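Hi everyone, thanks for making time. I'd like to walk you through one structure and how its pieces pack, so please have it open.

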Amino acid sequence: MLAILEGAVGASVLALTALGLSLVFGVMRVVNVAHGEFFMLGAVVAWFVSTSIAGHPAIGFLAALAIAPLIAGAVAVLVDRLILKNVAYDPEATIVGTIGVLYILQQSALMIYGPEARPVEPPFSHRIALPWLEWGENGLAFFYPWGLSITSYKLFVIAAAISILLAFWLILSRTRLGLIMRATQMDRETALAFGIPVQRVYSIVFGLGAALAALAAVLIVPIQQAHYLMGHDPLLLSFIVVIIGGLGSVRGTIFAALLIGMSDGVISVFLSPTLSKILATLLVALVLVFRPQGLYGKKMA
Amino acid sequence: MSLDTRSVTLHLGLIAALIVLGFVLPTYHQGNLARILVLATYAVGYNVLFGYTGLLSLGHAMFFAAGMYGCGLAMHLGGVTVIPALVIGLICAAALSAVVALLALRTIGVAFMIVTLMFAQSVYLTALYLGEWTGGDEGFVIAQASRQIAGYALTDPLTRYYAALSLFAIALLITARMMQMSFGRVLIGVRENEERTRMLGYDVFRHKLAAVVISGTIAGAAGAGYAVLFGYVGATFASVQYSIFPLLWVLLGGMGTTIGPLVGVAFMFYLIDYASGITNAYMLIAGAVLVLLTLFARAGIVGEIRNRWAPWLP
């Protein structure tokens, strides 16, 4: 039960991060290797914001929730305008270019923020003890072991992630912006012919993808700590999720994030974390080899 | 001079110059250059796949690490002497690259990059997982006494330099010769137009397979050489960073040129050496170089020279 809840926290954050990666790949056909660094950027900005604003931690947290995605999005738009656009979104050149961006962001964080991992105070945190059933001396009885509890903040993370995902889905399926993005995804040339400013859509999408990663990072940073190398694991996991879910399929991505996040929480109870990571990466590589369209995606031409 | 004599002169001249440099250089730079030569061997291996065949792998560190661990563990735990240990390293790298190639070559383009990245990641994690033998992140040191060939101690700077140079020279001459043979021409054909090469009746898959194995084995030879010459084996060499490095070196030096890898490694090595004196965030330089290369000089240093002044450069 606890493993499932902890898994759900991981899964909801992962879903947000992976959705950003999937969106960028789906619409722009760009593999953004620097995606994890936008996640890191979100966490680091959250730390700066929450420490520079005095008062109740919730104020700083809310400010971070607004500012971090904006900054990450702005940086991403800049990357799109300065680099991706100038290599005409050539797949290999963008990969090499975003690897460069990865190191620039990561090492800049090292220079400005420093090598320490720093915690951000959660806006609220109550321990909620979970009951556990066990045969005691008087038969079946409830008791509340110390380790078996979850903080209210973690529940909030799950709720927040779900509402962001819903909002995102509404934007994509019900608004004009969403329509334009889907049109660009389906056929770039035709969209261009119908007067859609494809270049601007690309910038928006790239910025939005980075902002989603940053948002996920702000949510997770009171649980984990902000560190300049923290972008590595989310990147790898998001890759896994996006591949399993089918490249560019939003529904598949969310489904796969739940699957991976939950099973990560549950498996790591039974196996050592390193071993479970080895199995997961190998499995994903094999999925990509034998079923390149993903478990959920349609076959691409 | 004909094209062939020119390129033979260039390669032999380069090797001769490097032999002379060994006597002239002060010990500090001699050590640096030995390291550069071993890493350049790695880059030469990478260039076979990326530069000539046009396949971008993001997981070459696994081949480097296979050579390194194969050789290093044989010496460290098995008590094997240097030469057989090197052979074991080579066999490990060749076997791993054959397996990876058979699976990964079913995919193309972006999927190929991600699959190689994933395989390399699992090799890296395996090295960490088997920490009991591999020492995990900290790695292990190969005893100085065992690092010698026929009485010549590889710990001596000059001997080490020439051992590194021989390794590099062998790799350079093999690849330079290979690219003049029809086999190499077919690889370039695959890079330029895979469909057309297939139409001409060549077995594209088998050529790609051979390219991965040759490339991986040379990378493994560099890894094994590194273990023997510098006496240290660690999981860092299997990490993503060491898969990115050869890409960076080859791009910088010039993909698809024979001497590009060496130029790229030497340039990058001294750039990072210089930068790490100023800041501990020296990988920032690597990132900036990658971005600048993708934007302005897709052909790299030697490639730009070839495009502008010397079209005969091999």
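Let's start at B:Leu105, which, leaving aside neighbours within four places in sequence, is in contact with B:Phe205, B:Lys208, B:Leu209 and B:Val212. Contact here means that the C-beta atoms, placed from the backbone, lie within 7 Å. Before I go on: this is a predicted model, where local features need pLDDT of at least 70, side-chain atom pairs count only at pLDDT 80 or more, and totals for chains, interfaces and linings use all residues. Residues are numbered from 1 along each chain as its sequence is written, and chains are lettered from A and ligands numbered from 1 in the order in which they are written.

Back to B:Leu105: where does it sit? It is in the loop between helix 4 (82–104) and helix 5 (109–129) of chain B; helices are DSSP runs of H or I with at least four residues, strands are E runs of at least two, and both are numbered from the N terminus. The C-alpha atoms of B:Leu105 and B:Phe205 are separated by 7.8 Å, although the two residues are 100 apart along the chain. B:Leu105 counts as partly exposed because it has 19 C-beta neighbours inside 10 Å; buried takes 20 or more, exposed 12 or fewer, and partly exposed lies in between.

Next, helix packing in chain B. Two packed helices are described by the angle between their axes and the distance between the axes. The axes are lines fitted to C-alpha atoms over the stretch in contact, with angles from 0 to 180 degrees between N-to-C directions. For helix 8 (residues 182–192) and helix 10 (residues 204–230) of chain B, the axes come within 10 Å and cross at roughly 110°. Helix 8 and helix 10 of chain B are therefore roughly perpendicular; the classes are under 35 degrees for roughly parallel, over 145 for roughly antiparallel, 65 to 115 for roughly perpendicular, and oblique for the rest. B:Val186, B:Leu187 and B:Val190 of helix 8 meet residues of helix 10 including B:His207 and B:Lys208.

Helix 10 of chain B also packs against helix 3 (residues 61–76) of chain B, at about 45° with the axes 6 Å apart. That makes helix 3 oblique to helix 10 of chain B.

Now for the place where the chains meet. How many residues does each chain give to the contact? Chain A gives 34 and chain B gives 33. On the side of chain A, helix 4 contributes the largest share, 16 residues. That side divides into 25 nonpolar, seven polar and two charged residues; Ala, Val, Leu, Ile, Met, Phe, Trp, Tyr, Cys and Pro count as nonpolar, Asp, Glu, Lys and Arg as charged, and the others, Gly among them, as polar.

Last, chain A itself. It has 11 helices and four strands, and 46% of its 301 residues are buried. Among contacts in chain A between residues at least 6 apart in sequence, 76% join residues at least 24 apart. Take A:Ala217: not counting residues up to four places away in sequence, it touches A:Phe39, A:Met40, A:Gly42, A:Ala43 and A:Ala46.

Technical notes: Contact = placed C-beta atoms within 7 Å.
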